[in-house]
Amino acid sequence: MSLENKLEQATGTVKAGVGKVTGDNKTAAEGAVEKTVAKAKEVAEDAKGAVEGAVEGLKNAFK
């Protein structure tokens, strides 16, 4: 989990909330998309880390 992704998620959440409160559907949608993209990046980074850890584990098992 990177701090950047968490910040992007928080920014998206705030933007979506502001859009909903003000009745600005475009801003609300943009915020929701930004939050979702940041979350997807986080999930991808976590998966990459898990795969790299598994590869290292296999390398060490065959030494």
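Predicted model: local features only at pLDDT ≥ 70, side-chain atom pairs only at ≥ 80, totals over all residues.

Biologist: Where does Gln9 sit in the chain, and what is Gln9 in contact with?

Modeller: Gln9 belongs to helix H1. If you skip its neighbours within four places in sequence, Gln9 is in contact with Lys35, Ala38, Lys39 and Glu42.

Biologist: Which other residues in H1 are buried?

Modeller: Here's the general idea to hold on to. An α-helix has 3.6 residues a turn, so residues three or four places apart point the same way. Now the case here: Asn5, Gln9, Gly12, Ala16 and Gly19 are the buried ones in H1. Look down the axis of H1 and these buried residues fall within an arc of 95 degrees, so they line one face of the helix.

Biologist: What covers the buried residues of H1?

Modeller: The cover includes helix H2, residues 25–61.

Biologist: And which residues are exposed on the other side of H1?

Modeller: Over there you'll find Leu3, Glu4, Leu7, Val14, Val21 and Thr22, which are exposed.

Biologist: How many residues does H1 have, and how far does it reach?

Modeller: H1 runs over residues 3–22, so count 20 residues. From its first C-alpha to its last it reaches 28 Å, close to the 28 Å expected at 1.5 Å a residue. Just after H1 comes Gly23, with a positive phi of about 80 degrees.

Biologist: Let's zoom out. How many helices and strands does the chain have?

Modeller: You'll see 2 helices and 0 strands. For the overall shape, compare the radius of gyration with that of a compact globule of 63 residues: the globule would be near 11 Å, but the chain has 17 Å. The box filled by its C-alpha atoms is roughly 60 × 15 × 10 Å along the principal axes.

Biologist: What share of the residues counts as buried?

Modeller: Of the 63 residues, 16% do. As for the accessible surface, it comes to about 4700 Å², with 67% belonging to carbon and sulfur atoms.

Biologist: And how should I read the contacts along the sequence?

Modeller: Take the contacts between residues at least 6 apart in sequence: 45% of them join residues at least 24 apart.

How values were computed. Residues numbered from 1 in each chain as written. Heavy atoms only, no water. Helix = DSSP H or I, 4+ residues; strand = E, 2+ residues; numbered from the N terminus. Expected span 1.5 Å × (residues − 1). Buried < 20%, exposed > 50% of the residue type's maximum accessible area, 1.4 Å probe, protein only. Arc of directions from axis to C-beta. Contact = heavy atoms within 4.5 Å. Rg over C-alpha atoms; globule rule 2.2 N^0.38 Å. Areas by Shrake-Rupley, 256 points an atom, 1.4 Å probe, with all protein chains shown as cover.
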